[in-house]
Amino acid sequence: MQSLLGFVLLALTALAAAVPVARSEYDTNVAAGLRLLRLEKGAEPVWKSEDEKLQLKIDGQNFLDITEVYERSEKLAANKKVAAKKVNYPSISHQDAVNPLLEDLSIDSMKGYLTKLTSFNNRYYRSSTGRDASDYIFNTATALARGKDGITVSAFNHSFTQYSIIAHIDGASDGPVTILGGHMDSINLRSAMSGRAPGADDDGSGTMNLLEIFRVLTEAGYTPATPVEFQWYAGEEGGLLGSQDIATQYAEDGVEVYAMMQLDMTAYTAPGRTPHVSFMTDNVDSGLTTFEKSLVDEYLSIGYDTGRCGYGCSDHASWNENGYPSSMPFETTFGTDNPNIHSASDTVNVNGFSFEQSLEFAKLGLAYIVELTSA
Ligand code: BES
Ligand code: ZN
């Protein structure tokens with residue numbers, strides 16, 4: 001009897017402790033340099049070395065690196081009591097504010113940003129040149145914000161070399177934040193640490209779009225009704241590292257987010273095809289995406305279609321994962337996108353790379369911010 005009771009108690013304790021990854025296992029593996037990866041939504045995470053992780057990417061196996069956020073996400077899930085409330089998005093009504101600002105967006109200015117971004121040997125998140133790229137974006141955004149009231153540019157540090165950057169514009173009133181994101185890092189899959197990875201399209205294009213929109217809004221002295229943030233993420237290519245860290249932090253802090261738009265690859269259309277915006281339909285908010293389609297109709301000179309990554313292919317997925325409304329307008333129909341990414345060939349000289357096209361995405365990002373945050 002005694003032993004039976006003991007057995008039952010033991011079994012119960014084992015059950016209670018049946019968290020997928022135990023603390024001791026976690027600490028030992030992290031100390032050994034292993035990374036905890038989720039290969040599929042809802043699947044048990046697995047431990048891999050950095051080399052194995054790179055090989056997975058080469059093999060085309062998708063994954064999220066959840067090492068940094070694992071415990072925090074488990075806690076968040078356990079504490080989550082109410083479902084996220086559904087946001088309604090407005091109809092377009094601020095043409096008078098948006099149209100003159102669109103005129104200020106400049107291809108020459110974007111070219112200047114991208115020339116600098118592609119000049120780093122790579123922007124790999126574990127390399128010193130990846131950190132140099134953070135410094136460049138931080139310094140550029142800081143210079144644009146200099147002397148402007150209510151604008152702060154901050155570094156968001158992670159467990160690796162590169163850091164993310166958040167440029168925050170105060171709203172006239174408090175309120176949920178409208179976020180425009182892109183990832184600053186690039187990668188050469190054949191030689192991540194030292195290989196050449198200009199990352200002109202992936203994601204130099206989105207990174208320059210954000211800088212250009214931030215330039216136009218700060219120079220115009222734009223004061224939003226509610227807060228706006230530009231977020232340049234570190235370590236996206238390592239498994240959405242920077243954005244998972246930030247989105248998890250926002251969820252932990254109870255920060256309200258009105259909308260999140262990710263610009264990741266905005267400059268390429270395969271020769272012979274017609275340039276258009278392709279809205280991802282997975283890992284996004286459908287209401288927000290519908291609103292953005294109306295922005296394309298109103299403000300862009302190109303049309304749109306839809307597509308699916310089929311996995312968490314960029315930083316919008318980190319926000320979606322944390323219960324926030326996110327979206328991803330992409331450069332072209334999924335499957336006909338730039339074949340040169342993740343290599344030394346991702347340059348502006350690729351046949352099909354177009355600053356004129358990327359300017360349309362800058363217009364979309366700017367219109368998104370001003371329509372959602374004008375009084
Ligand atoms: N920009 C790509 C994602 C992408 C590529 C979307 C082609 C649509 C078409 C992104 O930077 C990337 O490479 N993401 C990783 C996912 C990440 C979780 C490691 C990928 O797709 O392998
Ligand atoms: Zn990318």
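**Exercise 1.** In this predicted model, state which residue just after H8 takes a positive phi, and describe how far H8 is covered.

*Solution.* Helix H8 itself spans residues 200-219. Of its 20 residues, 19 are buried, and the helix is mostly covered.

**Exercise 2.** Find the protein atoms that coordinate the zinc ion (ligand 2) and classify their arrangement.

*Solution.* Step 1: list the donors.

Step 1: check the angles. The 6 donor atoms around the zinc ion (ligand 2) subtend 55 to 167°. Six donors count as octahedral only if opposite donors are over 155 degrees apart and all others lie between 65 and 115. The arrangement is therefore irregular.

Step 2: His183 lies in strand E6 (residues 177-183), and Asp264 in the loop between strand E8 (257-262) and strand E9 (276-280); the pair is 81 residues apart and links distant parts of the chain. Both His183 and Asp264 are buried.

**Exercise 3.** Determine how helix H6 is oriented against helix H7, and which residues meet.

*Solution.* Step 1: take the geometry. H6 (residues 107-119) and H7 (residues 128-145) pack at about 155°, their axes 11 Å apart.

Step 1: apply the cut-off. Angles over 145 degrees count as roughly antiparallel, so H6 is roughly antiparallel to H7.

Step 2: identify the contact. From H6, Gly112, Tyr113, Lys116 and Leu117 meet Tyr136, Ile137, Thr140 and Leu144 of H7. By class, this contact has 5 nonpolar, 2 polar and 1 charged residues.

How values were computed. Residues are numbered from 1 along each chain as its sequence is written. Chains are lettered from A and ligands numbered from 1 in the order in which they are written. This is a predicted model: local features need pLDDT of at least 70, side-chain atom pairs count only at pLDDT 80 or more; totals for chains, interfaces and linings use all residues. Side-chain values use heavy atoms; hydrogens and water are left out. Donors are N, O and S atoms within 2.8 Å of the metal (3.2 Å for Na, K and Ca); water is not among the atoms, so sites may look incomplete. Four donors count as tetrahedral if all angles lie between 85 and 135 degrees; four count as square planar and six as octahedral if opposite donors are over 155 degrees apart and all others between 65 and 115; anything else is irregular. Helices (H or I, at least four residues) and strands (E, at least two) are DSSP runs, numbered from the N terminus. Buried means under 20% relative accessible area, exposed over 50%, partly exposed in between (1.4 Å probe, protein chains only). Axes are lines fitted to C-alpha atoms, for helices over the stretch in contact, and angles run from 0 to 180 degrees between N-to-C directions. Angles under 35 degrees count as roughly parallel, over 145 as roughly antiparallel, 65 to 115 as roughly perpendicular and the rest as oblique. Contact means heavy atoms within 4.5 Å. Ala, Val, Leu, Ile, Met, Phe, Trp, Tyr, Cys and Pro count as nonpolar, Asp, Glu, Lys and Arg as charged, and the others, Gly among them, as polar.
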